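Welcome! Have a look at the model first, then try each task before reading on.

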Amino acid sequence: MAVDESVTVKGSPVRSLQRFIDAQLTPEQREIVFRALPPEFASRFRNPILATETIPVHALNVFTEESAKARNKPVDQFARRAGREAASDAVKGIYRFFALVMTPPALLSKASQMWSSLYNRGELKVDDQTSNSARIRLLNFPSEPAGCARITGWMERMAELTGAKNVNVQQTQCFAKGATNCEWVVRWT
């Protein structure tokens with residue numbers, strides 16, 4: 001499958017991933033990662049990314065994959081943890097207050113808007129919502145396994161930050177594995 005470098009994400013999630021990788025890898029491991037990246041992205045990822053910058057999602061996924069490899073961790077496990085950390089970063093300061101007072105259904109009502117404020121492609125839809133579950137579909141987005149795992153971790157942590165208990169996020173379909181779109185089922189108590 002051809003990689004679409006025109007699919008981009010704003011700098012905030014990239015900055016969160018950079019902080020996570022800095023905390024997880026030794027300086028020597030980070031150097032191994034930077035050498036494995038295409039030179040233009042190695043140069044960009046060595047420095048803080050501005051929140052207003054945009055980065056190709058594929059480059060972010062390669063950064064995640066190479067970091068997991070350098071840490072000798074499965075990509076899905078490493079990326080899911082990175083997604084959880086990104087959610088925690090997203091709700092620091094005043095946003096933390098909103099996450100803490102927001103219920104999972106209220107957060108889900110903002111999911112599509114949150115997605116489109118960060119990504120230049122794809123549409124996030126919430127379907128089959130009940131008082132303790134929902135199906136979330138990501139349409140028209142060329143996902144990759146590392147990205148899906150980060151999204152899974154992000155959803156999981158955001159639900160927890162609203163006070164939901166026993167959060168369970170399962171990806172039931174994946175574009176990267178041949179499905180027409182990605183889909184998750186989220187359950188909580």
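**Exercise 1.** Is Gln 29 buried or exposed?

*Solution.* Keep in mind that this is a predicted model. Begin with the place of Gln 29, which is in helix H2. Next, take its relative accessible area, 19%. Buried means under 20%, so Gln 29 counts as buried. To finish, look at what surrounds the residue: leaving aside residues up to four places away in sequence, Gln 29 touches Gln 24, Ala 70 and Arg 71.

**Exercise 2.** Find how many salt bridges the structure has, then follow the one between Asp 89 and Arg 19.

*Solution.* Side chains of opposite charge can pair when their charged atoms come close. Searching the whole structure gives 15 salt bridges. In one of them, Asp 89 and Arg 19 meet through their side chains at 3.1 Å, N to O. Asp 89 sits in helix H5 (residues 75-90) and Arg 19 in helix H1 (residues 11-24), so this pair links distant parts of the chain, 70 residues apart. Now check the accessibility of each partner. Asp 89 is buried at 18%, while Arg 19 is partly exposed at 43%.

**Exercise 3.** Work out where the partners of the salt bridge between Glu 31 and Arg 46 lie.

*Solution.* The side chains of Glu 31 and Arg 46 meet at 2.7 Å, N to O. Glu 31 belongs to helix H2 (residues 27-36), and Arg 46 to the loop between helix H3 (39-45) and strand E2 (54-56); the two are 15 residues apart. For accessibility, Glu 31 has 30% and is partly exposed, and Arg 46 is partly exposed with 41%.

**Exercise 4.** Which strands hold Arg 135 and Glu 183?

*Solution.* First, note the salt bridge between the side chains of Arg 135 and Glu 183, at 3.1 Å, N to O. Arg 135 is in strand E4 (residues 133-139) and Glu 183 in strand E6 (residues 182-187), so the pair ties together parts 48 residues apart in sequence. Arg 135 is partly exposed at 23%, whereas Glu 183 is buried at 10%.

**Exercise 5.** Describe the largest cavity and name the element that gives the most to its lining.

*Solution.* Rolling a probe the size of a water molecule over the atoms shows where empty space is left. The structure holds one cavity of 30 Å³ or more, and the largest cavity contains about 50 Å³ of space. Among the residues that line it are Val 57, Tyr 119, Phe 141 and Cys 148. Helix H4 (57-71) and helix H9 (145-161) are the elements giving two or more residues, and H9 gives the most, with four. Sorted by class, the lining has five nonpolar, three polar and two charged residues.

**Exercise 6.** What are the volumes of the largest and the second largest pocket, and which element gives the most to each lining?

*Solution.* Start with the largest pocket, at about 1,100 Å³. Of its 39 lining residues, Ala 90, Met 114, Leu 118, Trp 154 and Met 158 lie nearest the centre. H9 gives the most to this lining, with seven residues. The classes are 28 nonpolar, six polar and five charged.

Now turn to the second largest pocket, with about 300 Å³ of space. E5 supplies the largest share of its lining, five residues. By class, this lining has six nonpolar, five polar and four charged residues.

Definitions and conventions:
Residues numbered from 1 in each chain as written. Predicted model: local features only at pLDDT ≥ 70, side-chain atom pairs only at ≥ 80, totals over all residues. Heavy atoms only, no water. Salt bridge = Lys/Arg side-chain N within 4 Å of Asp/Glu carboxyl O. Buried < 20%, exposed > 50% of the residue type's maximum accessible area, 1.4 Å probe, protein only. Contact = heavy atoms within 4.5 Å. 1 Å grid on protein atoms, 1.4 Å probe; cavity = no way out; pocket = protein on both sides within 12 Å on 5 of 7 lines; lining within 4 Å. Points joined across faces, edges and corners; volume = space filled by probe spheres on them. Nonpolar A, V, L, I, M, F, W, Y, C, P; charged D, E, K, R; others polar.
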